[in-house]
Amino acid sequence: MTWNYQNGARIFSKNLRVYLFSSGKNEHEIEKIISELEDHLMEAEKDGKDVEHLIGQSPKEYMEQLAGEMAFDLKGLLKYIPVLLIGVYAYILLGNAVQGGIEYSLLKVIGDLTIFIIMMTLFAGSFKYVASHTLSKTKERILFFLLGSIPVGLFVGLMFLDKTVDTPSIEFNPLGNAITIGLCILIFIAISIWSKTWVSIIVPAILYLPEVFLRMTPLDKEIQMIVSMVIMFGGLFLYFFLVNKQEKIR
Amino acid sequence: MSTSQILKGILEGCLLSIISEGETYGYEITEKLNNRGLTMISEGSIYPVLLRLKREGLVETTKKQVPSGGPKRKYYRLTEQGFEELEIFKEKWTVISNGVNQLMKGD
């Protein structure tokens with residue numbers, strides 16, 4: 001592996017940040033060690049040394065060594081997980097409410113939570129893996145594609161299980177649905193303000209709004225479905241394309 | 001056995017000794033190690049050790065403005081406990097190095 005200095009240093013600090021963050025380390029501690037390492041890399045550059053001088057042969061081993069000396073930040077994690085959990089439930093409930101009313105069984109409540117925990121673990125593991133290994137762009141894309149399709153598979157599986165196994169369930173009346181929709185929208189706005197990004201508003205909007213508006217049109221059910229799918233995927237693609245482009249400019 | 005395994009414990013003692021010479025920072029520490037011929041240590045391996053020394057209360061750190069500008073730099077200094085630990089290391093090291101030296105000479 002050859003490092004072009006500036007690129008190498010930048011990639012290394014980016015990857016280290018992802019690795020330590022996915023390992024549940026304290027954000028403040030992470031920034032402290034990274035700024036110290038960046039100071040080192042700047043000095044080393046003046047002496048004509050590259051990143052390999054700092055990290056040795058294996059980025060993975062080096063990241064592990066650093067992570068091993070940093071405490072697991074439970075307090076920090078407890079700050080993020082409830083927010084994420086509320087966000088995921090708001091997302092699921094809004095989907096159900098928009099698509100003809102919420103009917104929630106005990107099995108689904110537990111199942112959703114289980115899927116959430118599985119996915120959190122898988123995502124953290126994959127981020128750590130990608131950050132500490134040099135993967136080709138193609139391999140990285142395949143990995144994240146697979147990772148993205150796992151929850152879809154799990155949710156579909158849960159749906160079928162829910163249809164065959166009978167557990168206590170509640171069905172919301174129209175007022176309940178309306179209140180839920182309002183609450184979910186408020187939650188998305190709150191998360192957006194908290195995280196200072198638009199993503200928690202834009203993604204649900206792209207996913208659910210087309211369906212809502214199309215239902216008001218006199219179009220055929222099938223055509224409605226196809227059009228909303230096209231808008232959904234087109235919208236998501238466009239959004240991520242624009243975000244990606246903006247990041248590159250930065 | 002890899003060099004890094006042999007050096008792991010020793011490195012802690014070396015860092016304590018270098019920092020005991022006076023306030024210093026990461027890159028300078030690696031230069032001082034290099035000057036003593038300890039070039040087999042990859043420069044980055046001092047940082048996990050520094051994190052450990054800090055956690056164990058053997059060193060304390062201060063942030064200072066660098067004359068050349070740029071972000072503040074972290075400087076290390078031994079604590080009282082750090083100096084004590086250095087003395088303990090020196091005693092142990094004398095015993096170990098004497099023994100190993102004798103063995104390696106094939107006595």
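User: Is E69(A) buried or exposed?
Analyst: E69(A) is buried, with a relative accessible area of 14%. Buried means under 20% relative accessible area, exposed over 50%, and partly exposed in between (1.4 Å probe, protein chains only).

User: Before we go on, what am I looking at?
Analyst: This is a predicted model: local features need pLDDT of at least 70, side-chain atom pairs count only at pLDDT 80 or more, and totals for chains, interfaces and linings use all residues. Residues are numbered from 1 along each chain as its sequence is written, chains are lettered from A and ligands numbered from 1 in the order in which they are written, and side-chain values use heavy atoms, leaving out hydrogens and water.

User: Back to E69(A). Which side chain does E69(A) meet in a salt bridge?
Analyst: That of R52(B), at 2.6 Å from N to O. The pair crosses between chains, from the loop between α4 and α5 (74-98) of chain A to helix α3 of chain B. A salt bridge is a side-chain nitrogen of Lys or Arg within 4 Å of a carboxyl oxygen of Asp or Glu. Helices (H or I, at least four residues) and strands (E, at least two) are DSSP runs, numbered from the N terminus.

User: And R52(B), buried or exposed?
Analyst: R52(B) counts as buried, at 14% relative accessibility.

User: Why is helix α3 of chain B largely enclosed?
Analyst: Because 8 of its 10 residues (46-55) are buried, the rest of the structure largely encloses helix α3 of chain B. Among the buried ones are I46(B), Y47(B), P48(B) and R52(B). Just after α3(B), G57(B) takes a positive phi of about 75°.

User: Which residue does E43(B) pair with?
Analyst: E43(B) forms a salt bridge with K49(A), with the closest N and O atoms 2.6 Å apart. The pair joins two chains, because E43(B) lies in the loop between α2 (26-35) and α3 of chain B and K49(A) in the loop between α2 and α3 (51-55) of chain A. E43(B) is buried at 5% relative accessibility, and K49(A) is buried at 16%.

User: Now E64(A). Which residue forms a salt bridge with E64(A)?
Analyst: K60(A), with the closest N and O atoms 3.0 Å apart. They are 4 residues apart in helix α4 (residues 59-68) of chain A, so about one helical turn separates them. E64(A) is partly exposed at 37% relative accessibility, as is K60(A) at 32%.

User: What about networks? Which residues are linked in one?
Analyst: D39(A), E43(A), K46(A) and R73(B) are linked in a network of salt bridges.

User: Zoom out to chain B. How many helices and strands are there?
Analyst: Chain B has 4 helices and 3 strands. Along the sequence the pattern is α-β-α-α-β-β-α. The C-alpha atoms fill a box of roughly 55 × 30 × 20 Å along the principal axes. Of the 107 residues of chain B, 37% count as buried.
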